[in-house]
Every structure is written in C-alpha cells, then in structure tokens.
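Open the model in your viewer and keep the sequence at hand.

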Amino acid sequence: MQNVLSNEFAHRLRLENNIILDVVFIIFGSVFVALSSQLAFYLPFSPIPITGQTFAVLFIGAVLGSRRGGLSLTLYVLEGLIGLPVFAGGTGGMAIFFGPTAGYLVGFIPAVILVGYLSEKGFSRNRISMFFTLLLGLAVIYLFGVFRLLSFVEYEKVFILGITPFLVGDAIKTVMAMIIIPSGWKLIKREK
C-alpha cells in the first residue's frame, strides 16, 4: 500500500513539475518575442518595421513545439492587446490591431503552431527540412500580413511594401535560427 502511495505521489509531483515547467517555457517564449520586437527599424516607405520578431517566432516554434509555442505567441498578442509595450518599438494596445501591422502579429500564432508541429514530426531534424519548415512559417506570417496590409495600400504596392523589403533580413534570420535551434533543443531537454 505504501509503495502505491509513493508511486502516486511521485507521479503527481512529476506532473506538477511538468506543468510548472510548461508555464515557465510559455512565459519565456512570450518575453523572448517581446524583447525581439524592440529591435525595430522603420522604413520610410513602408508602414511595416523590420524587427527581430520573425526570428523569435521561428525559434520558439521549433524549440517549444506547437502547443507551448502557440500558447507563448497567444500570450504575447494578448499582452499587446491589453496595452503592454511588447510590440515593435515598445508599442501596444488595441489600436495596433486596427493598423497595417495587425496581420503580421496575428500570423505569428498559426506560424509558430505550424513550425512547432512540423518540428515535432521530425521535419526540422536535418538542415534542409528545417530550412523549408522555417520558410513555411515565414510564408504564413507573410500571408496574414499581406492580407491585412491590403486594407491600407493598393494591390499593386502590397508586395513592394509588405514582402520585398523583408526578404533578405528574413533569410538571414532563418539561417540564424537554424544555427541556434539545436542549442535550444539541448536546453529544453536538460531542463526536463
């Protein structure tokens, strides 16, 4: 009887530790994206800034997975909605979601879930499949971003204002993420 009780206690303790660890990882993901958004460069010809957010979103998705990554980015967006200065350049509040950058912010959530899901299925275990997994995540962000940007600029200009200026930077951020993601996996495994 005592052995059964000690096994049950050990199981509950592990479960509670996993929940606490999950919460820590989710909060870490949110904070990491918020910090990366402060690296913002505003282009004079585009309403969309260049930020470190896409790097953080891809990294969080690949390292934390679909569930924890999705919750991290949902928390991040909610923090911004309530007015915390977590968006590009220290902005926040509901007004951002009526502006041209809203699509990119909303697109972070399905992008991180997709990257996380594909990573969980092993699509990021070698460099080539990891590269394409991260590119799919970027494509989702661009899709949501451009769709919202169409409300603010003419159809002919949306590609020039909402995608072209970011391609080189996002390629660099994707390569950086590919280099750092394995270290993130090691850190997560060590914490478990």
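Predicted model: local features only at pLDDT ≥ 70, side-chain atom pairs only at ≥ 80, totals over all residues.

Beyond its neighbours within four places in sequence, Thr54 is in contact with Phe108, Leu138, Ile141, Asp170 and Lys173. Now pick out Lys173 from that set. Its side chain and that of Thr54 are joined by a polar contact of 3.0 Å. Thr54 itself belongs to helix 2, residues 53–81. Is Thr54 buried or exposed? Its relative accessibility is 9%, under the 20% cut-off, so Thr54 counts as buried.

Next, select helix 5, residues 155–162. Colour Val158, Leu161 and Gly162: these residues are buried. Look down the axis of helix 5. The buried residues fall within an arc of 85 degrees, so they line one face of the helix. Turn to the other side of helix 5, where Glu156 and Ile160 are exposed.

Last stop: the surface. Select Val168, Ile172, Val175, Met176, Ile179 and Ile180. Together they form a nonpolar patch with about 550 Å² of accessible area. Zoom in on one member, Val175. This residue sits in helix 6, residues 167–191. Val175 has a relative accessible area of 42%, between the 20% and 50% cut-offs, so it is partly exposed.

Definitions and conventions. Residues numbered from 1 in each chain as written. Heavy atoms only, no water. Buried < 20%, exposed > 50% of the residue type's maximum accessible area, 1.4 Å probe, protein only. Helix = DSSP H or I, 4+ residues; strand = E, 2+ residues; numbered from the N terminus. Arc of directions from axis to C-beta. Patch = residues over 30% accessible without salt bridge, like charges linked within 9 Å, V, L, I, M, F, W, Y side chains within 5 Å. Areas by Shrake-Rupley, 256 points an atom, 1.4 Å probe, with all protein chains shown as cover. Salt bridge = Lys/Arg side-chain N within 4 Å of Asp/Glu carboxyl O. Polar contact = N/O pair within 3.5 Å; in protein donor to acceptor, adjacent residues only side chain to side chain. Contact = heavy atoms within 4.5 Å.
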